[in-house]
Amino acid sequence: MSDEGKIGVYLCACEGEIEKVIALDSLVREASAWPGVTTVRKDSSLCSERGIRTIREEVKKLGLDRVLIAACSASLKMKEFSDLGINKYLVERVNIREQCSRVHSDNPENATKKAGAMLGIFLEKARRSKALEPVTVPAVKTALVVGGGVAGINAALDIAGTDAEVFLVEKKPVLGGNVAEFHRYFPRMCPPSCGLELLLSRIESAPRIHVLTSSEISALSGSPGNFSVTIKAASTGVTNLNEQDRVSTVKAGAVILATGWEPYDPTPLTEYGYGRLDHVITNVEFEKRARERKEFLREVRSTAFIQCVGSRDERHLPYCSDVCCMVSIKQALSLKEADSEHDVRIFYNDIRTPGEYEELYRQARKSGITFIKGIPSELRQEAPGKIAVSVFDTVAGRRTENTVDRVVLATGMRSSQGNSGLNAKIGIVLNKNNFIESHLQCHPQDTQRAGIFSAGCCRAPMDVSRSIESAGSAAIKALQFLKGEITVSPDYPVVNILKCDHCKRCMEECPFKAYSLDEKQFPKVDITKCRACGICMGSCPLGAISLGELSIEQLSGMLDVLDKSYLGDDEPVILGFLCKNDAYRAADDAGLKGVSYPPNLISIMVPCSGAVNGMIISEAISKGVDGILIAGCPDDQCHYVQGSALAKTRLADVSNKLKEMYIEPERVRFVNISRDETEKFAETVKEYVAELKKLGRNPLRIQ
Amino acid sequence: MTQKIPKSLNEILTEVIETDLLIIGGGNSGCFVAIEAKEKNPNLDVTIMEKAHIDRSGALAAGMDAINTYIGEGETPETIVAWSRAQVGGGPLREDLALSNAKILNQCVESLEKWGVPFNKDEKGRYKKRGRFDVSIRGEQLKPIIAEKTKSYQPRILNRVAATNLLKDGDRVIGATGFGIRDGKFYVVKAKATVVSTGGAAGLYRSATNDGTTSHHQMWMNPFNVGSGYAMGIRAGAEFTLMEQRWCATRVKDFCGPVDTISVGYKAKMINAKGELILQTRYGHLGGDTAPRYIRANAPMGEWSEGRGPTFVDTRHLSPDQVKDLKIDYLNERPTYVLFLAARGQDPAKEPLEIYGSDPYIVGGHTASGYWVDVDRMATLPGLFAAGECAGGMPNKFVGGCAAEGVLAARGTVKYISGMGHGNLDQNQVAAEKERIFSPLLRGATMEAKYTVPAGQDPRSQYDGVTPEEMEERLQRLMDEYAGGVGQFFKCNEEQLDYALKHISLMKNQINKLFATGLHDLVLVHDVIDRLDVAEVVAMHLKERKESRWPGWQTRTDYPEVNPKLDCFINSRKNLKTGELEMLKRPYEQVLPGDRTKAPSPIPLSAEKA
Amino acid sequence: MPPYVVKDKCDGCKGKEEPLCEQICIGDLMTLNPDTGKAYCRSLRDCWDCMSCTKICPKGAIEQRIPYQLGYHGAKLIPMMGTDSITWTCVDINGKVERFSFRTRNKK
């Protein structure tokens, strides 16, 4: 036990709630005798204004260099305890409420013993804490937008509204993307050219937007705030630019990918005769022709729309492309607008017109458009200019034959070629449908690379208004990286190169590819890419990596100090490592949910279960801990992609070693706990304590 | 890693490095040289050339259970030197070197504790003594801790580079050459000063348990320390001393591991098959338990040769706790001794532990063999320094003393380097060395398979050449039989030594038949070449000392008594013009007064400490 | 004294250029077989049993065995590394199990 320090230990009675269970006075007496402790006191409410003020005064008056707050969980009252007049990394929170008084209220004596043991180990952690300050990295105030369609243009304009520069790169010779060639927008049935013209003139007049058409991204390197992008201009054949002149490099702080979509080609669906039969066209072709020629809408007198062509189909596009129902209704209404007698029939599986789009559907019905619930099995050329559509009408319950002049196949959106190219060139992860992978629910605009965002249909099929919205949200996210500097919290890992053996496990296991090698071949972390999950700390076979706020030395010290018989000689002691995103919070909920578990477990919060190093687990067993419990998110929901899976492997290695050493391999255990699985957590602990009681105390306990 | 074997010298890349201080050998003393040199002058460009990996290389690979030289309460630098002198029967030894070492010894040992090595402490918080100058440590991490400290000064560390020869400009040593064991490169390191700290020479003699299966390297010393540092100096014409004073130690039998742990640490006495206390019974007149070290080395062999074996250290009085502590000591130095006992189902408390003599080693950390150096640890060639087991003249250094040697050598080099420029590199010398290093490998790459390979045999048997293992085994048996190996109870005579020298010469003429089929093999080739050079010097020294001053370490059956005229250093130096080894004598200078064979008892605590 | 690599446990350090045992071996004996992707000892007879490889292997795939010349079959000596301590388990040929734990580094 290092005896350095002038530590202030503060125990909160939590307005009596904690003190009802835990005998705080006895803890005060105990802690006063510990080395390095300058003052110990209990308080009725540490988080109150008075409580905070008292701590602040004592920090100053007594020259305290560490503060221990034994109270509620660290995820609560963070604002209150962040301003104690001492660097926040020198403040240690000990969770004697959610993980002690609330769950062990049935046995105050044991709860007090556990609280004492908790204080002991977190005091040791505090002794080894270092003051840390956030790091500021200079960053470039330029954004790169890839793709000049609706999403890209809006993103560029949103960013240029601030003082950042924007490079807008578009591979075609003109901006506008797919909608530039379209006839109408829904639901307002207005021409795209109206909105687009306005946008394009704003782009032109914006001094900080640089448009590069006929250009593509060929490479991207660097990190958030400091990307280096290589842009290649296509050879136009007209201007004789040589190879070098065509390539330029741009520095960007953030990148927004808006590479859009392409229509799905229905040729493989031979039953619809696309390319074989006359007058069978796609919805995109309808738009283009309607825009090119006014007469197009009147050229024929009857049109059938077939929905979901190649969509929601495992053999083609397995997903729904979101817009096709509205597109067909819009196109049908255009036909009716041109000629109210035009015979329009829409063959569908489901009509998807959510929200206020329902209004357009009603309008379509009222205008005499026929909706038939059934997807035609095949089309036949009945006569020149006449196509027979045979369908089983599922509502009417019988087969109908329809003869029409033209069939419009409502095909879906697929990921553009540009997207696959991106994956290859700059390592953007695509999902199984080849769209850019993102956490659709919580972080729809993020990609797996920090500082690179997605907007519009390159992420998923969507309509124009959603594309514009997504462009806006991507722009807001991008702005975090366009302030001219990036501030990084000092939680990132530090590699002790005196111990490093160049095995590169840290580089390999980092889910965010945040490591590279320096000139001496030692791993170096890019702190702007790093998410401080600690998987690297868990991976190092030599224990050479530590996180800013949790180090190997701290953990080793805590193992030394832990009283391995704090509940008496017969009771096993379990050390838990709970991941902060799911398991620790699930455990915190136990008290409120009226769930309890035995006091044999003391938990340490880790950013990810993958951060737990195998050597620390081995050391814990060596030092006499009876059981180790690691709890992480469910494997496929791990917030850091692979932490739980890695933790299981690490534990398995330790377990195998224990077996060879004739120590029960059951003394280490992993459990998946998701945020709301409090009951499962409690059951696991109960079961584990019972099992360990049967196994007996750790044979290494007395050495 | 599949290596590309070069077919010509041109294919081999040369890497030239210019540095201020080159340290050959990154073991205990080598690391201390680097640390002290950087402490004295942080701007010094320091390069360490290390054959293995600095984290574990050298004699400390598995750890250490004790520091055998620490001046505790009641002792002074003078008393430890006097004790060391008595341990070698009164010398001769270089008392000037020993005193300079003893004066800084404690701070070197204490720095180990500062860096995190756990030292056992007594109730008063002082280092717990297990012998007069021995303190117990838990040194399993000793080498990694020293390596980390070294790395913190950021010297240039060339791991997996085997040093092959010194570079010379006239008489001055201006650096060294080597080859990369992984990258296959030719390394030329120019240095203003060069320290040789390659440890001692093991594997000159056959080990007692050498067999045709898996126990070839069953020896006390690190078998990868082959004496390359000595060999390079021999070839460069440096002067060596007391190379006849081999370290032949009593070790636990078969396993060939340390025995001081038991005998000193747990006061276990040497007994023979009949249970007689050997040292008291037969060597009482020489001090019994406190008889000089070479007596203790010889004692079990004496019993065996006279038919009173086996011999043991009697551990039957140990309590279970003491047995456990004993095993923990071994786990910190040679962990597999515990496995050895387990593999025989042996309990030290029930059966005494067998002991036997070891094969002889040349190791200047235990005896006084090595380079002839001055007080600055500079050898007889300017620019060349020796540290640790390479430095001769001072016995009983052990780990602590070798660390202090490193510090002293560093100070010597820093003094020498100031104001000094680099020497001139002779490109012919460099080219010749490149050829010498790599020709066995090129030979191996271009040899034709001449023979069929007998079943279960090494595929190298296809080639008409000599493998390094063959030559090594031949040398080891030769030395064992003719130069006083353990198989001959350490005894030899003039005729045997001449025979040994003749056959060493025959083998040296056949070095050009050695071939290597890969870089690892090339290491073995140079290992055996270096061993031949060292063995030759050892045999010459044994021949020259026509007496038996330290029986066991050096026993001449034709001159069994001590000859007072030979109370001096026997030194050697290769004449670079004739190629002959010249033998010379240097006088012994007594600095500390008093009876050389007695070690004054510790001064009572009330007396002043020096 | 020979180190034996248990092939089901060795993962060749995931195919990085030099597995950890090869990096640390004091005698340049441990190396990777590129065909099997697993480590092995080039020359069992040349090992000095410092056990650096056994200690450093992250999968615990290396077993130190004693030559039959010295001791009989079936005894085991297994190190378990902590960051500042080590626990050894020793099993003798009669099945008796002994364990030894001690500190190897003092923290500041």
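**Close-ups of a predicted three-chain model**

**View 1.** Here A:Phe577 touches A:Leu555, A:Ile604, A:Val606, A:Val612, A:Ile616, A:Ile628, A:Leu629, A:Ile630 and A:Ala631, leaving aside residues up to four places away in sequence. Touching, or being in contact, means having heavy atoms within 4.5 Å. As this is a predicted model, local features need pLDDT of at least 70 and side-chain atom pairs count only at pLDDT 80 or more, while totals for chains, interfaces and linings use all residues. Residues are numbered from 1 along each chain as its sequence is written, chains are lettered from A and ligands numbered from 1 in the order in which they are written, and side-chain values use heavy atoms, with hydrogens and water left out.

View 2. Buried means under 20% relative accessible area, exposed over 50%, and partly exposed in between (1.4 Å probe, protein chains only). In soluble globular proteins, nonpolar side chains tend to be buried together.

View 3. Of the 703 residues in chain A, 58% are buried.

**View 4. Where chain C meets chain B.** On this interface, 53 residues of chain C are in contact with 56 residues of chain B. The buried area is about 4800 Å², with carbon and sulfur atoms giving 58%; that area is the accessible area (1.4 Å probe) the two parts lose on being put together, summed over both. Look for the salt bridge between the side chains of B:Arg182 and C:Asp28 (2.4 Å, N to O).

**View 5. The side of chain C that touches chain B.** Helix H1 (20–24), strand E2 (30–33), helix H2 (52–56), strand E5 (76–81), strand E6 (85–91) and strand E7 (97–103) of chain C each supply at least two residues. The largest share, five residues, comes from E7(C).

**View 6. Two cis peptide bonds.** One runs from A:Phe186 to A:Pro187, with omega near 5°; A:Pro187 sits in the loop between strand E7 (165–169) and helix H7 (192–205) of chain A. Another joins B:Gly309 and B:Pro310, with omega about 0°. B:Pro310 is in the loop between helix H8 (293–305) and strand E12 (311–313) of chain B.

**View 7. Two residues with positive phi.** Most residues other than glycine have a negative phi, and most peptide bonds are trans. A:Cys308, in strand E15 (residues 302–309) of chain A, has phi near 55° and is buried, with a relative accessible area of 18%. B:Asp254 has phi near 70° and lies in the loop between strand E10 (250–252) and helix H6 (260–263) of chain B. B:Asp254 is buried too, with a relative accessible area of 17%.

How values were computed. A salt bridge is a side-chain nitrogen of Lys or Arg within 4 Å of a carboxyl oxygen of Asp or Glu. Helices (H or I, at least four residues) and strands (E, at least two) are DSSP runs, numbered from the N terminus.
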